[in-house]
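Welcome! Please take a moment with the sequence and the 3D view before reading on.

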Amino acid sequence: MKVKNCPCHSGKAYVACCKPFHNGENPSNALLLMRSRFSAFALCIPDYIIHTTHPGSPEYSNDRTKWKRSISSFSQETNFEGLEIIDFQERGNVAVVTFIAHILQKKRDESFTEKSFFEKIRGKWYYRSGQLLKGSAPNLMTIGQMRLLPLAYYGNPILRKVADTVPEITDAVRKLVGDMIETMDACDGIGLAAPQVHHSIQLFVMRAPIENVKGLGVVKVFINPKVSEPSVEKWTVSEGCLSIPAIHADVARPSEITIEYTNLDGKHVKERCSDWEARIIQHENDHLNGVLFIDYLSEEKRGELEPLLKSMDKRIHDGTEL
Ligand SMILES: [Zn+2]
Ligand SMILES: [Zn+2]
């Protein structure tokens, strides 16, 4: 009798490897989930991909038909030649799997290296996001100690609290800042406030994009910030928030502000900021006061978004519709 090898290239039979997961069993860790998602892509099971994608993922879509179609077409155009696991780390409710997917598309080598992030909600693992590099490039992926922090999502009361002052810059604060920067970068964010990672303290980090420059801007750390002297002139741009995934809306804010804060070295700084810096500072500073960008929307626009916000809150906190 011939057994069918699992498409996740474990060397095991499909029935003894990924099939139970595709049939509804919960993978007990993120590595098993990663493998079973790889084999679901290979076998073209879009429903499995959808049901194991975190509702906070940038890939999550409310348009199921379109999402299914795009997964199916990827599956059909691709030969899944091999899977190499480079690294797997799990801590509490977050995990990272780094792997090389050897794939062919139209007979061309389209292999890629990915660092995937996973988050556990109510005991079940979900894929959240991934950083991708073309080709087989394990040496270009930084595989240090995993420092990702779980995010607080819309509906979590911590996002509505006024955060406490940071009394002293301790080693714990410095470590938190390092973890926040890694989390912000992993999620492709340009700013992240401490309450968004479950710490109700007056602290945020920012990596403002540099106009016309590719790559990352410089990280700045703001402790106990005070924003003042907003310009009369306002600038409207579409904003998003890592705690309110998949929702973007135009927000008008003063184009310039003054900020006073303590930096990570304990130095008191006072600066006049404009453009993206002013925008991000105002958005993140709001988080320290329990304010979210959606609070600025017109009643009409807010009403339009309300069903989406409700269903996201339910998906993340009650597990319905997942
Ligand atoms: Zn498998
Ligand atoms: Zn935000």
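This is a predicted model: local features need pLDDT of at least 70, side-chain atom pairs count only at pLDDT 80 or more; totals for chains, interfaces and linings use all residues.

Residues are numbered from 1 along each chain as its sequence is written, while chains are lettered from A and ligands numbered from 1 in the order in which they are written.

**Overall build**
- The protein has 7 helices and 12 strands (DSSP runs, H or I of at least four residues for helices and E of at least two for strands, numbered from the N terminus).
- Its C-alpha atoms fill a box of roughly 75 × 45 × 40 Å along the principal axes.

**Two domains**
- Domain 1 covers 14-140 and domain 2 covers 157-317, with bounds from an automatic or database domain assignment.
- Their C-alpha centres are 30 Å apart.
- Contact between them involves 10 residues of domain 1 and 8 residues of domain 2 (in contact means C-beta atoms, placed from the backbone, within 7 Å).
- On the side of domain 1 that touches domain 2, strand S4 (112-121) and strand S5 (124-134) each supply at least two residues.

**The core**
- The largest nonpolar core has 72 residues, and among those touching the most other members are Ala30 and Phe118.
- Such a core is a set of buried Ala, Val, Leu, Ile, Met, Phe, Trp, Tyr and Cys residues joined through C-beta atoms within 7 Å, where buried means 20 or more other C-beta atoms within 10 Å of a residue's own.
- Helix H2 (residues 30-42) gives this core its largest share, 9 residues.
- Both domain 1 and domain 2 contribute residues, so this core lies between them.

Notes: Two residues are in contact if their C-beta atoms, placed from the backbone, lie within 7 Å. A residue is buried if 20 or more other C-beta atoms lie within 10 Å of its own, exposed if 12 or fewer, and partly exposed in between; C-beta atoms are placed from the backbone.
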